[in-house]
Amino acid sequence: MLSVSIAIVVIAAPGLVIGLAAGLRGWVLAGMAPLLSYAAGGLTGPWAAAAGLSFTPLTYAVSTVVFAAIAFGVRRWTVRHRRPAPDPGLWARRGHLAVLAGLLFATATGTAAALLGLGRIGALPQGFDAVYHGNAVRYIAATGDGSLFGTGHVNWYGDAAPVFYPNAYHLLAAVTYRLGGVSIPETL
């Protein structure tokens, strides 16, 4: 349960900070937070590697502050010192409760499907590409290599060209793994 809590913080908190700095509020902020977190992590990994830095929880935290400062600056520059008109209350309380109920239902359904598909949470499924994802997370956590071709090392065959694989998921999972101290299957 600790790893799930850490994963939620790693996936939501940076995006919340960046979104708040950009002026997002309410359900828009809640919906955009994970996307902003993945964007920050997905950009930071390759940029850190290009600068010769390891991708670590500290790198991710510092980049969150930088992205939040950029978002705040862009917001401040575009608002032009004029106070926006207050938003009218678009939704009644039942609208908010309906969104919350839908979110809870989707979470329960997704969790049940994942647990049913895994069989048990302590084992890495051996089918399809779960092994690759587990190795990619472990590779980033162990080496700090967040580059665009870094995870290609886990499937490198001889003299073949480096393999590109989008790694934002693996970068945030590596942060979760390093902070949580649990196994790779539990992290995934």
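Here are a few friendly notes on the predicted model above.

1. Ground rules: this is a predicted model, with local features needing pLDDT of at least 70, side-chain atom pairs counting only at pLDDT 80 or more, and totals for chains, interfaces and linings using all residues. Residues are numbered from 1 along each chain as its sequence is written, and side-chain values use heavy atoms, with hydrogens and water left out.

2. The protein chain has seven helices and zero strands (DSSP runs: H or I of at least four residues for helices, E of at least two for strands, numbered from the N terminus). Of its 188 residues, 31% are buried (under 20% relative accessible area, 1.4 Å probe, protein chains only).

3. What does Val-10 contact, leaving aside neighbours within four places in sequence? Its partners are Ser-37, Tyr-60, Leu-172, Val-175, Thr-176 and Leu-179, where contact means heavy atoms within 4.5 Å.

4. The lining of the second largest pocket has eight nonpolar, two polar and no charged residues (Ala, Val, Leu, Ile, Met, Phe, Trp, Tyr, Cys and Pro count as nonpolar, Asp, Glu, Lys and Arg as charged, and the others, Gly among them, as polar). Among these lining residues are Trp-27, Pro-34 and Leu-103 (an atom within 4 Å of a point on a 1 Å grid over the protein atoms alone; a pocket is an open set of points where a 1.4 Å probe fits, with protein on both sides within 12 Å along at least five of seven lines).

Technical notes
Buried < 20%, exposed > 50% of the residue type's maximum accessible area, 1.4 Å probe, protein only.
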